[in-house]
Amino acid sequence: MAFEIPRIPLAEWCDIALDWATEHFSGVTRALSAVIGTGIEATTDFLVGLPPWLVIILFGLLIWRLTTARIAIFSMLGFAFLWNLELWRATLQSLVLVLVSTLFALAIGIPIGVGAALSKRFWRVVAPALDMMQTMPSFVYLIPAIPFFGLGAVSACFATIVFAMPPTIRLTALGILQTPPELVEAADAFGSSRWQKLFKVQLPLAIPTIMAGINQTIMLALSMVVIAAMIGAGGLGGEVWKAIQRLEAGQGFQAGIAIVVLAVILDRITQYVARHMRRDRQGG
Amino acid sequence: MNAKRPRVQVRGLTKIFGDEAGAALPLLKAGQSRAEVQKATGAVIGLQDVSFDVDEGEILVVMGLSGSGKSTCLRCINRLIEPTSGSVLVDDTDVTALNERELMEFRRTRFGMVFQQFALFPHRTILRNVEYGLEVQGVAPDLRRDRALTAIETVGLKGWDQHYPSQLSGGMQQRAGLARALALDPDVLLMDEAFSALDPLIRRDMQQELVALQRRLKKTIVFVSHDLDEAIALGGRIVLMKDGRVVQQGTAADFLANPADDYVRRFVEHIDVLGVVTAGDAMRQPAAVKPWQSTAAEALAILTQSGEPVVTVVCHEGRFQGTVDAETLKQAGDTELRLLLSDREACVPGTATLNDAVAKLASGRGEIAVIGPDRELKGVIANADLVAALARRRSETTH
């Protein structure tokens with residue numbers, strides 16, 4: 001060959017960027033990691049410390065309040081099943097990780113979604129970023145998470161937030177943009193300010209759509225929490241990971257089924273809440 | 001200050017849609033036609049030099065077919081659509097000159113708006129919908145609740161305040177829409193095809209109620225409609241629009257009597273003449289009038305000569321007293337007319353429509369009197385006059 005096209009040093013560039021970021025920000029992120037990690041650990045330890053039957057009853061009552069007796073009983077049976085499989089501790093670890101990640105994802109994602117709906121320019125920046133976040137194989141996020149947050153739950157949490165946030169952003173923006181134009185016009189005609197329009201009309205009307213996004217975020221968070229076992233997140237994913245390493249098919253399926261049970265419980269609750277959040281949508 | 005000054009003055013309102021509005025405006029002002037300007041610049045002309053006044057206590061109907069620019073025109077008044085040029089004066093304020101903040105304040109207190117598809121907020125109860133305008137104004141919760149409940153009662157929705165819009169029929173939803181606008185106690189009420197989405201029967205009721213309400217509240221109402229019958233039912237002046245321009249303004253009767261062009265003539269062709277033409281328009285001078293102390297014989301003489309079906313009897317001040325027919329007169333000899341009177345009610349005010357006149361004629365003896373506010377005799381309408389009036393209108397509208 002007379003000449004050769006040189007390889008674009010993409011990997012090297014990514015490393016340089018990451019190194020730079022690590023050098024400048026890892027102090028902050030490590031400190032943050034310590035705080036969040038302690039929080040996650042303390043919550044998990046607290047719940048694990050309580051007698052499982054008590055936790056199951058408390059969960060049941062909470063779910064009953066949020067939804068119906070049927071879903072509450074079904075969820076309690078599901079949790080009892082997981083306890084019976086001796087996966088109780090792992091279940092709680094995964095659950096706490098999912099909920100914490102989801103909370104962060106919502107706290108960051110909903111404002112971004114609102115911004116994206118209100119500003120076309122902002123949306124043009126956000127949209128491709130979202131596409132990338134969702135197409136990138138999820139475990140790639142695990143690698144840079146480690147230098148920032150160290151091995152363990154917080155890195156898992158970070159990767160989960162990045163992976164699970166896009167549906168919340170997308171559906172928040174969609175919900176707001178889908179506000180019927182005549183209602184926006186009515187709000188304008190009565191002299192609403194931009195914020196009044198947002199908080200009194202657009203956001204309340206977008207709630208069912210946003211809830212659908214939250215439901216997807218929780219489901220994605222659960223799937224990521226399982227993968228995050230590879231960097232020591234523990235939980236049900238940890239059980240699967242162990243089974244893979246030891247080639248124990250039975251143990252693997254048992255943990256897998258446990259994840260499915262947890263997923264179904266979370267899905268039913270959020271779907272119910274999504275459907276019934278707006279009072280005028282209730283039957284009758 | 002001049003008491004008769006209109007509350008709302010729309011002056012030379014022009015709206016050009018599209019990015020080429022800046023280039024299109026001078027061409028339009030130079031007298032090029034809508035089609036020419038659109039061809040030259042690609043800009044679509046929504047409104048062209050629209051001017052009209054609205055007085056306090058009036059329901060002005062802006063009428064036209066779809067695409068005539070009537071809704072655009074309404075939205076330019078409160079600047080939901082930004083006019084390209086021209087001005088809108090409400091009292092002494094030039095709405096088109098307000099900045100964003102002032103416009104918001106102005107909309108909050110001065111304009112109420114009612115929409116074709118109601119545009120109620122589905123996630124709020126009727127009460128919270130009606131409160132909306134007051135809420136964005138920052139009125140205290142107790143006060144705005146009271147004012148909202150009063151408005152709800154005004155439109156006849158008492159007891160429905162805790163329901164959601166989806167639980168109400170279309171007619172009731174639009175009542176709520178009207179209450180939402182009235183709760184602000186605005187000076188100007190903008191109504192965009194407000195009753196067009198309702199069933200015909202409910203639409204008629206709402207039109208009548210709006211007229212009754214307006215008599216009491218004396219707002220300044222601009223009502224957009226595509227329906228001539230609705231415009232007539234609301235009873236006020238009409239601004240007829242076509243292709244973004246005003247073709248003619250006036251009452252429906254003006255349109256019938258003096259149509260500005262063929263378009264207006266065609267527009268009013270199928271109008272219910274009986275509902276538009278007044279008794280005052282159709283009456284003529286009576287040929288057989290007698291004061292009530294005259295004798296029957298005198299009356300019979302003039303009646304026979306005139307060819308009228310009845311003698312119209314008045315008192316000394318010229319006030320209508322009743323009628324007497326030939327049969328009665330023949331049998332009465334020298335009796336004074338006042339003792340023979342019948343049909344004291346065989347009369348209509350000059351402002352009544354021919355519909356009312358027809359009803360009276362049907363139950364009477366072939367002729368009724370047309371009277372003024374003090375029952376003074378203005379003229380008469382006989383069956384033949386009615387037919388003649390109808391025939392006249394027909395030929396005016398078809399040729």
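Helices (H or I, at least four residues) and strands (E, at least two) are DSSP runs, numbered from the N terminus. UniProt, in an unreviewed entry, places the feature "domain: ABC transmembrane type-1" at these residues of chain A. UniProt positions are given in the numbering used here, with feature names shortened, and the annotations may be inferred rather than shown by experiment.

The structure is a predicted model, in which local features need pLDDT of at least 70 and side-chain atom pairs count only at pLDDT 80 or more, while totals for chains, interfaces and linings use all residues. Residues are numbered from 1 along each chain as its sequence is written, and chains are lettered from A and ligands numbered from 1 in the order in which they are written.

Chain A contains 11 helices and 0 strands, giving the pattern α-α-α-α-α-α-α-α-α-α-α along the sequence. Taken along the principal axes, the C-alpha atoms of chain A fill a box of roughly 70 × 65 × 40 Å. The unreviewed UniProt entry gives the annotation "transmembrane region" to residues 53-83, 95-119, 139-164, 203-231 and 251-269 of chain A. Among them, residues 53-83 of chain A are 94% helix and 0% strand, with end C-alpha atoms 9 Å apart. Residues 251-269 of chain A are 100% helix and 0% strand, and here the end C-alpha atoms lie 28 Å apart.

Several helix pairs of chain A were examined. Helix H1 (residues 10-49) of chain A packs with helix H6 (residues 142-149) of chain A at an angle of about 60°, and the two axes are 7 Å apart. Axes are lines fitted to C-alpha atoms, for helices over the stretch in contact, and angles run from 0 to 180 degrees between N-to-C directions. Because of this angle, H1(A) is oblique to H6(A); angles under 35 degrees count as roughly parallel, over 145 as roughly antiparallel, 65 to 115 as roughly perpendicular and the rest as oblique. H1(A) contributes Leu18(A), Thr22(A), Ser26(A), Thr29(A) and Ser33(A) to the contact, and H6(A) contributes Pro144(A), Pro147(A), Phe148(A) and Phe149(A). Two residues are in contact if their C-beta atoms, placed from the backbone, lie within 7 Å. The contact of H1(A) with H6(A) has 5 nonpolar, 4 polar and no charged residues. In this classification Ala, Val, Leu, Ile, Met, Phe, Trp, Tyr, Cys and Pro count as nonpolar, Asp, Glu, Lys and Arg as charged, and the others, Gly among them, as polar.

Helix H4 (residues 88-118) of chain A packs with helix H7 (residues 153-177) of chain A at an angle of about 35°, with axes 6 Å apart. The crossing of H4(A) past H7(A) is right-handed; a crossing is left-handed if the near helix is turned anticlockwise from the far one by less than a right angle, and right-handed if clockwise. The contact of H4(A) with H7(A) comprises 21 nonpolar, 7 polar and no charged residues.

H4(A) also packs with helix H9 (residues 194-227) of chain A, at an angle of about 135° and with axes 9 Å apart. H4(A) is therefore oblique to H9(A). H4(A) and H9(A) make a right-handed crossing. The residues in contact are Ser94(A), Leu97(A), Val98(A), Ser101(A), Thr102(A), Ala105(A) and Leu106(A) of H4(A), together with Ile214(A), Thr217(A), Ile218(A), Ala221(A), Leu222(A) and Val225(A) of H9(A). By class, the contact of H4(A) with H9(A) has 9 nonpolar, 4 polar and no charged residues.

In chain B, the unreviewed UniProt entry has the annotation "domain: ABC transporter" at residues 32-268. Residues 32-268 of chain B are 43% helix and 21% strand, with end C-alpha atoms 29 Å apart. Chain B is divided into domain 1 (55-87 + 97-277) and domain 2 (280-391), the bounds coming from an automatic or database domain assignment. The C-alpha centres of domain 1 and domain 2 of chain B are 42 Å apart. In the contact between these domains of chain B, domain 1 has 6 residues and domain 2 has 8 residues. Helix H12 (residues 273-276) of chain B provides 4 residues, the largest share of the side of domain 1 that touches domain 2.
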